[in-house]
Amino acid sequence: MGLSKTFSESDISVHSTFASRYVRDSAAKYKMPENSTPKEVAYQMINDELMLDGKPRLNLASFVTTWMEPECDKLVMDSMNKNYVDMDEYPVTTELQNRCVNMIAHLFNAPLGESESAVGVGTVGSSEAIMLAGLAFKRKWQNKRKAEGKPFDKPNIVTGANVQVCWEKFARYFEVELKEVKVTEGYYVMNPEKAVEMVDENTICVAAILGSTYNGEFEDVKLLNDLLLEKNKQTGWDTPIHVDAASGGFIAPFLYPELEWDFRLPLVKSINVSGHKYGLVYAGVGWNIWRSKDDLPEELIFHINYLGADQPTFTLNFSKGSSQIIAQYYQLIRLGFEGYRNVMENCHNNAMVLKEGLEKTGRFNILSKDVGVPVVAFSLKDRSRHDEFEVSELLRRFGWIVPAYTMPADARHVSLLRVVIREDFSCTLAERLVIDITKVLQELDKLPAKNGNNCDTCVNGHDENNGKKNGSTKKTEDEIKRDIATHWKNIVMAKKANKTMLSCS
């Protein structure tokens with residue numbers, strides 16, 4: 001006999017969430033529900049689904065910070081309800097942003113006087129920062145062309161093919177031709193010489209990447225600057241450089257202080273950096289710093305007074321939270337130069353532990369560089385039976401999220417895995433990851449090849465049942481599937497038999 005019960009209003013408070021009617025119904029997916037839901041139930045329903053997400057600290061695909069100190073977390077929570085754009089209402093928050101801009105500008109060796117304020121802006125990330133920098137370059141180039149009575153309708157920008165997608169967005173959204181320097185196998189960043197060759201009178205800037213998304217490598221900004229200075233001298237142009245230091249901007253000053261990539265180079269007019277990457281802040285903050293006021297056209301800055309006072313604004317959006325800006329200031333004063341250097345040294349050292357562990361397996365080629373963002377990019381030496389995508393998929397069983405992907409055009413045949421070493425990735429975790437990768441490789445070695453040509457009944461190109469070459473008796477798709485299924489069955493049965501023997505011994 002089936003049981004039925006009519007839930008009363010008292011059930012909401014008397015019973016636990018899992019004893020209520022709410023667990024019998026699916027969560028709303030397309031339309032807002034007609035009735036309210038108790039807060040405990042709403043929390044439990046959402047929290048239960050979120051358990052299926054990966055663990056952020058084991059997400060080795062992302063450059064974005066996944067850990068901050070509890071004191072910083074508290075500052076973030078306490079300022080969640082502050083809208084940063086209300087500068088007149090929250091003047092201290094505005095002051096903290098200005099302090100961050102000044103500190104980062106000095107870190108990048110901006111040519112500033114002792115008490116001179118830097119020119120920069122906080123953004124929701126490097127994507128917005130790059131859009132703003134690109135707009136400034138485009139407007140300066142247009143103004144110059146107009147003053148010279150020359151056409152100004154075909155601007156272009158020169159980058160490497162390894163740039164992050166935000167550069168493609170800028171080019172498409174703001175109608176700028178994107179001229180990409182193709183990468184080649186073994187050279188996965190922009191070649192400065194080829195980049196300068198592509199520069200013409202319509203080039204608004206050349207974008208150099210300090211920390212490629214693909215393998216963490218730094219591009220040679222110094223060589224690019226020197227070559228471009230010479231070309232500008234020969235042509236009479238003044239083509240500038242923007243440095244996309246989204247990942248490397250908080251690495252290079254602490255690990256490679258002698259490396260010239262920033263405002264020490266005269267053609268570098270603006271730099272963007274992600275506070276939410278190696279700036280050590282949760283997702284949602286980036287920065288763009290200009291060399292001087294002359295590099296940011298005044299007509300791009302808007303002035304509003306409907307929030308209580310005259311406020312300048314140069315952003316793509318308007319409202320945004322204050323939490324990440326406050327968190328950035330906390331990290332800058334909490335860690336100081338010494339603390340950031342220690343964190344970055346730890347990241348680099350742990351990257352070397354992982355790299356050396358992978359090399360010891362004898363199964364991988366290392367595609368990342370020792371000098372650069374603490375990233376370990378690697379590919380299989382032998383891809384005849386299995387590939388990097390299978391390694392990535394099997395690693396998820398251990399909780400690791402390690403992306404597999406291909407290089408840009410002209411090197412797309414190169415596929416690789418990449419591990420981003422962040423502040424919260426310890427030496428112990430690096431060693432554990434090597435162990436788990438080794439286990440994955442051992443398991444893959446026992447499995448049939450991805451193309452189905454290697455199985456129990458098909459070894460070294462011969463059919464063991466009749467000794468005939470596969471070339472003379474080609475198997476049908478169904479036969480190949482049956483062979484693979486048999487192979488898997490044999491593996492499972494062998495494991496079960498092994499467990500039975502162990503339990504009996």
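Phe378 has Leu417 in E13 as its bridge partner. The strands concerned, E11 (residues 375-380) and E13 (residues 415-420), run antiparallel and are joined by four bridges. Strands pair here if DSSP finds at least two bridges between them; strands (E, at least two residues) and helices (H or I, at least four) are DSSP runs, numbered from the N terminus.

Please note that this is a predicted model, in which local features need pLDDT of at least 70, side-chain atom pairs count only at pLDDT 80 or more, and totals for chains, interfaces and linings use all residues. Residues are numbered from 1 along each chain as its sequence is written, and side-chain values use heavy atoms, leaving out hydrogens and water.

Both strands belong to an open sheet of four, in the order E10-E11-E13-E12, with antiparallel pairing. Strand E10 (364-366) and strand E12 (404-406) are the edge strands, each pairing on one side only. From one strand to the next, the twist averages 40°. Helix H11 (residues 388-395) packs on the sheet and touches E11, E12 and E13, its direction making about 35° with that of E13. Contact means heavy atoms within 4.5 Å; axes are lines fitted to C-alpha atoms, for helices over the stretch in contact, with angles from 0 to 180 degrees between N-to-C directions.

I turn now to the lysine. An unreviewed UniProt entry annotates Lys277 as "modified residue: N6-(pyridoxal phosphate)lysine"; such annotations may be inferred rather than shown by experiment. Lys277 lies in the loop between strand E6 (268-274) and strand E7 (286-290). Is Lys277 buried or exposed? Lys277 counts as buried because its relative accessibility is 17%, the cut-off being under 20% relative accessible area, with exposed over 50% and partly exposed in between (1.4 Å probe, protein chains only). Not counting residues up to four places away in sequence, Lys277 touches Phe63, Val64, Thr65, Ala246 and Ser247.
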